[in-house]
Amino acid sequence: MTREEIIAAIQTCAQKLGRTPTRAELKKMAGVSLSLVKYRFRGMTRALREAGLEPKGPGHLIPTEKLLLQWAGVVRKLGKLPAMARYQSMGKSTHVPFIRRYGSWHAVPGAFRKMAREKQMENEWKDVLAIIEAAHEVELRKQMACPGRMHGKSLSAAAEEMSLREPETWNPRANEYSRRKLLPGRALAGPPMNFEGLAHEPANELGVVFFFGTQAHRLGFRVLTFQQEFPDCEAMREVRPGKWQWVRIEFEYESRNFQRHGHDPNGCDVIVCWRHN
């Protein structure tokens, strides 16, 4: 497909959906894969902007109340607290905004409970609050069933130290995150890491490519070529002492993106990722 055909496909999808399409929706509705978008535009963001649409996703701040209500909606649908991976498959955002604001996925229930109390939403979200309390009770029983974890603490003391407590109790910076302005158009980095040549953990696919380059020799790879279409890289890999094989490598920030982007497993031998989920 040409650039013009891809732009037309994006605009058609946007008209049908009434909003900016995601990569998965573009693939499903128009047969346009992310690898093709990367090849023609070097990324989804540029393609969306050339189609006259506003990109949604990383770098766009979601209001805290909206974020927590989205989480609560998933809780209500499941009837239980979602694991991080489950939320990412059902929610409208990833886990990243929660971790950035509260420091831990386990702090989200306490954050929602606090917001519901402050905004007087307790009746509206009574079922979700009951699920949170039930999960809290289960965790307390686990603590009590393992004396080594209690270390002589009383039940109330154990409850006070649990991750389900409200975030400001255990994370003094939680409220700061909601006040810090996220500058538009600026890249996001991961946590600091102690590694020569890379100050922070990768936060996107390009960071994974760079880090792989620094570690390829230690991991037993000799890179032959990089390319914009799928798969991203071809290399030789030492599979036995002194024996090398040609392999095709696809880089992803999260391994699950391989499936989300619609890649053919038969066209790739190795996924190199920062997060395997």
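Colleague: Let us begin with V108. Which residues does V108 touch, not counting residues up to four places away in sequence?

Modeller: This is a predicted model. In soluble globular proteins, nonpolar side chains tend to be buried together. Here V108 touches L68, W71, F98 and Y102, with residues up to four places away in sequence not counted.

Colleague: How many residues has the largest nonpolar core, and which have the most contacts inside it?

Modeller: The largest nonpolar core has 22 residues. Those with the most contacts inside it are L68, W71, F98, Y102, V108, F112 and V128. At least two residues of this core come from each of helix 5 (64-78), helix 7 (96-102), helix 8 (108-118) and helix 9 (126-145). Helix 5 gives the most, with six residues. A second, separate core has 16 residues, including I7, L34, V37 and F41.

Colleague: Which residues make the contact of helix 1 with helix 3?

Modeller: Helix 1 contributes R3, I6 and I7, while helix 3 contributes L36, V37, R40 and F41. The residues of this contact comprise five nonpolar, no polar and two charged.

Colleague: At what angle do helix 1 and helix 2 pack?

Modeller: Helix 1 and helix 2 (residues 23-30) pack at an angle of about 100°, and their axes are 10 Å apart. Helix 1 is therefore roughly perpendicular to helix 2. On the helix 1 side the contact is made by A9, I10, C13, K16 and L17, and on the helix 2 side by E25, L26, M29 and A30. By type, the residues of this contact are seven nonpolar, no polar and two charged.

Colleague: Turning to the chain as a whole, how many helices and strands are there, and what percentage of the residues is buried?

Modeller: The chain contains 15 helices and six strands. Of its 277 residues, 38% are buried. As for contacts between residues at least 6 apart in sequence, 43% join residues at least 24 apart.

Terms used
Residues are numbered from 1 along each chain as its sequence is written. This is a predicted model: local features need pLDDT of at least 70, side-chain atom pairs count only at pLDDT 80 or more; totals for chains, interfaces and linings use all residues. Side-chain values use heavy atoms; hydrogens and water are left out. Contact means heavy atoms within 4.5 Å. Helices (H or I, at least four residues) and strands (E, at least two) are DSSP runs, numbered from the N terminus. Ala, Val, Leu, Ile, Met, Phe, Trp, Tyr, Cys and Pro count as nonpolar, Asp, Glu, Lys and Arg as charged, and the others, Gly among them, as polar. A nonpolar core is a set of buried Ala, Val, Leu, Ile, Met, Phe, Trp, Tyr and Cys residues joined through side-chain atoms within 4.5 Å. Buried means under 20% relative accessible area, exposed over 50%, partly exposed in between (1.4 Å probe, protein chains only). Axes are lines fitted to C-alpha atoms, for helices over the stretch in contact, and angles run from 0 to 180 degrees between N-to-C directions. Angles under 35 degrees count as roughly parallel, over 145 as roughly antiparallel, 65 to 115 as roughly perpendicular and the rest as oblique.
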